[in-house]
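Subject: Handover of the model, with notes on sheets, helix packing and the ligand shell

Dear colleague,

Please find the structure below, followed by my notes on what was found in it.

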Amino acid sequence: MRVLTAGESHGPGVLAVIDGVPAGLAVSPAEIDADLRRRQLGYGRGARQKIERDAVRITGGVRQGRTTGAPIALQIDNRDAVNWERVMSVEPVAEPPDAVTRLRPGHADLAGALKFGHEDVRDVIERASARETAARVAAGAVAKALLRVVGTDVLSETKSIGDVSSEPRFNRDAIEASEVRSSDPKASTAMIAAIAAAREAGDTLGGVVALRASAVVPGLGSFAEWDRRLDGRIAQALMSIQSAKGVQFADAFVASHERGSAVHDPIAVEGGAFVRSRNRAGGLEGGVTNGEDIVVEIAFKPISTLMKPLPSADLRTGAPSPAHVERSDVCVIPAAGVVAEAMLALVLADALCEKFGNDSVDDLCAAVERYRQRLRPIDNR
Ligand SMILES: Cc1cc2nc3c(=O)[nH]c(=O)nc-3n(C[C@H](O)[C@H](O)[C@H](O)COP(=O)(O)O)c2cc1C
């Protein structure tokens, strides 16, 4: 399964193309829109989310409510584009827009402009922007639909915002009812207060998102080659999210201080099936899913655009200049959780198809069913 996205933050829209989704999967725009809506919610988002009402247009790969096996094209229009027609015009305009040259620390502005030789940082801003994550979330909704066919569910919960933390409980109803996607009402209130205080100070906040995939088919990924190890593939996908700066499986950084006897998950057999008394591996051993929940956390930095900008320099003159201020969020952790769900779902759906085939959903289900027969001690099969 391959996924490409295209489109600029203030252009006509963003687009995802997913190749390799099996035929026969039920896909509905309403289901995708529900996830797009979840990405837009959350205390701490900026004015942009009041303008956009994201909705998908499926322009390829789905007919009569089912995938055909052809590439699936998902388009999401940018409602804000009407305000940016001159700046974003494909054709050169008579009165060119002013170039953005005041570099924003923490953004791709300087690195991107140096790399491509751009003289207007707008050419970097537009594509580095996390508006692109709308396309990822749409693609992820299709991946989630495929995972559901084999019973796998993916859910995110906010573990911390700024210095307010709460142990994730993955209570879906409580999470969806919280403006910051925490199952703990007390922590939700404190997180909202922390965001409000940061906004008041012209500042921003980051945090940690916890992510869980439950009822995962064992045996996805491989230990046999470095680039097939699924933990590595998951980490790459999650680290690719704008402002993600760290990933750990289960509580890996805590475990690194402990003895092996406290860390590894004992294996037992109950009712003829292999079971674990704990899951400190986070659902993967040797880069292969072991049937336990995948539990992974992602650290996101405080977002970069500050209403009180940091000292910076001008790309053209090199003169000291405060950073350019672009309309911005204060905290994106709740939205980042929904994006993280999409990225994990895409990697797991890809690994599922790799193992069981991606021509038809029926064939895939039959292969999974047959495979499940041998997931027990050899003499019990
Ligand atoms: C859902 C989401 C929304 C974001 N919105 C903003 C924003 O409004 N302002 C901002 O400065 N950064 C925002 N970011 C983060 C930047 O896009 C990101 O920090 C920047 O592109 C540089 O990339 P890097 O932080 O991954 O190095 C957002 C990130 C996510 C995941």
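How closely do the axes of α6 and α12 come, and at roughly what angle do they cross? They come within 7 Å and cross at roughly 45°, where axes are lines fitted to C-alpha atoms, for helices over the stretch in contact, and angles run from 0 to 180 degrees between N-to-C directions. Before going further, please note that this is a predicted model, in which local features need pLDDT of at least 70 and side-chain atom pairs count only at pLDDT 80 or more, whereas totals for chains, interfaces and linings use all residues. Residues are numbered from 1 along each chain as its sequence is written. The element names refer to DSSP runs numbered from the N terminus, with helices being H or I of at least four residues and strands being E of at least two.

Helix packing

α6 and α12 are therefore oblique to each other, a label that covers angles left over once those under 35 degrees are counted as roughly parallel, those over 145 as roughly antiparallel and those from 65 to 115 as roughly perpendicular. α6 passes α12 in a left-handed crossing; a crossing is called left-handed if the near helix is turned anticlockwise from the far one by less than a right angle, and right-handed if clockwise. On the α6 side the contact includes Thr-133, Arg-136, Val-137 and Gly-140, and among the α12 residues that they meet are Val-338, Glu-341, Met-343 and Leu-352, two residues being in contact if their C-beta atoms, placed from the backbone, lie within 7 Å. By class, the contact of α6 with α12 divides into 14 nonpolar, 2 polar and 3 charged residues, with Ala, Val, Leu, Ile, Met, Phe, Trp, Tyr, Cys and Pro counted as nonpolar, Asp, Glu, Lys and Arg as charged, and the others, Gly among them, as polar.

Helix α9 (residues 230-239) also packs with α12 (residues 333-356), at an angle of about 145° and with the axes 9 Å apart, and the crossing is right-handed. Leu-230, Arg-233, Ile-234, Ala-237 and Leu-238 make the contact from α9, and the α12 residues include Ala-340, Leu-344 and Val-347. The contact of α9 with α12 has 10 nonpolar, no polar and 1 charged residues.

The packing of α1 with α6 (residues 133-149) has an angle of about 135° and axes 9 Å apart, which makes α1 oblique to α6. This crossing of α1 and α6 is right-handed. Glu-31, Ile-32, Asp-35, Leu-36 and Arg-39 contribute from α1, while Thr-133, Ala-134 and Val-137 are among the residues from α6, and the contact has 7 nonpolar, 2 polar and 3 charged residues.

β2 and β6 are joined by 6 bridges, with Leu-74 in β6 as the bridge partner of Ala-16. β3 and β6 pair over 4 bridges, and Gly-60 has Ala-73 in β6 as its bridge partner.

The other open sheet has 5 strands in the order β8-β7-β9-β15-β10, again with antiparallel pairing, and its edge strands are β8 (164-165) and β10 (244-249). Strand β7 (residues 153-161) is joined to β8 by 2 bridges, and Ile-161 stands opposite Val-164 in β8. α12 lies across β7, β9 (207-214) and β15 (294-300), running at about 145° to β7.

The ligand shell

Of the 21 residues around the ligand, Ala-130, Gln-242, Ile-303, Thr-305 and Asp-329 come nearest, a residue being near a molecule or strand if its C-beta atom, placed from the backbone, lies within 6 Å of it. α12 gives the most to this shell, with 3 residues, and the shell divides into 9 nonpolar, 10 polar and 2 charged residues.

With best regards

Terms used:
Pairing = 2+ DSSP bridges.
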